[in-house]
Amino acid sequence: PADRILGTQFGHRALSILLGGGRNRLVGRRGFEEVDVDILSVVDKQRKVPMDHAVVTACRSLGVAFGD
């Protein structure tokens, strides 16, 4: 259910931004805080997860393929 809760929170934040006249915003989370940033500030930027990260290891144990 955590994914649905997060999706609901992000959707609520996005709708609030739109109703307030905001445009071209990206909703995300920084730590435990919901944030929104100008979408142009993140275009062409990539954050890579190390292949030995615990989340990657957990995904691999479930059979998720990363194309490597």
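Q: Which residues are linked with Arg25 in a network of salt bridges?
A: In this predicted model, the side chains of Arg25 and Asp36 meet in a salt bridge, at 2.8 Å from N to O. Asp36 lies in strand β2 and Arg25 in strand β1, so the pair ties together parts that are 11 residues apart in sequence. The network also includes a further arginine, and the residues linked with Arg25 are Asp36 and Arg13.

Q: Is Asp36 buried, partly exposed or exposed?
A: Buried means under 20% relative accessible area and exposed means over 50%, with partly exposed in between. The relative accessibility of Asp36 is 23%. Because that value falls in the middle range, Asp36 counts as partly exposed.

Q: What is the relative accessible area of Arg25?
A: Arg25 is in strand β1. This residue is classed as partly exposed, and its relative accessible area is 33%.

Q: How many salt bridges does the count come to?
A: Side chains of opposite charge can pair when their charged atoms come close. One example is Arg60 with Asp68, whose closest N and O atoms are 2.7 Å apart. Another is Arg4 with Asp3, where the closest N and O atoms are 4.0 Å apart. The count of salt bridges comes to 4.

Q: What is the relative accessibility of Asp3?
A: Asp3 forms a salt bridge with Arg4. Arg4 is exposed, at 57% relative accessible area. Asp3 also counts as exposed, and the relative accessibility of Asp3 is 59%.

Q: In which sense do strands β1 and β2 pair?
A: Strand β1 covers residues 25-30, while β2 covers residues 33-38. The two strands are joined over 6 bridges. Their pairing is antiparallel.

Q: Which residue in β2 is the bridge partner of Gly28?
A: Another bridge joins Val27 to its partner Asp36 in β2. For Gly28, the bridge partner in β2 is Val35.

Q: Which residue in the turn of the hairpin has a positive phi?
A: β1 and β2 form a hairpin, with 2 residues between them. The positive phi in question is about 70°. The residue that has it is Gly31.

Q: Is Leu40 buried or exposed?
A: Leu40 lies in the loop between β2 and α2. Together with Leu26, Ile39, Val42 and Val43, Leu40 makes a nonpolar surface patch of about 400 Å². The relative accessible area of Leu40 is 66%, and because exposed means over 50%, Leu40 is exposed.

Q: Is Val56 buried or exposed?
A: Val56 is found in helix α2. Not counting residues up to four places away in sequence, Val56 touches Val49, Pro50, Met51 and Phe66. The relative accessibility of Val56 is 6%, and because buried means under 20%, Val56 counts as buried.

Q: What pattern does the chain follow, read along the sequence?
A: The chain has 2 helices and 2 strands. The strands β1 and β2 form a hairpin. Read along the sequence, the pattern is α-β-β-α.

Q: What is the radius of gyration of the chain?
A: A compact globule of 68 residues would have a radius of gyration near 11 Å. The C-alpha atoms of this chain fill a box of roughly 45 × 30 × 20 Å along the principal axes. The radius of gyration of the chain is 16 Å.

Q: What percentage of the residues of the chain count as buried?
A: The accessible surface of the chain comes to about 5,900 Å², with 60% of it belonging to carbon and sulfur atoms. Among contacts between residues at least 6 apart in sequence, 2% join residues at least 24 apart. Of the 68 residues, the share that counts as buried is 9%.

Notes:
Residues numbered from 1 in each chain as written. Predicted model: local features only at pLDDT ≥ 70, side-chain atom pairs only at ≥ 80, totals over all residues. Heavy atoms only, no water. Patch = residues over 30% accessible without salt bridge, like charges linked within 9 Å, V, L, I, M, F, W, Y side chains within 5 Å. Areas by Shrake-Rupley, 256 points an atom, 1.4 Å probe, with all protein chains shown as cover. Helix = DSSP H or I, 4+ residues; strand = E, 2+ residues; numbered from the N terminus. Buried < 20%, exposed > 50% of the residue type's maximum accessible area, 1.4 Å probe, protein only. Pairing = 2+ DSSP bridges. Contact = heavy atoms within 4.5 Å. Rg over C-alpha atoms; globule rule 2.2 N^0.38 Å.
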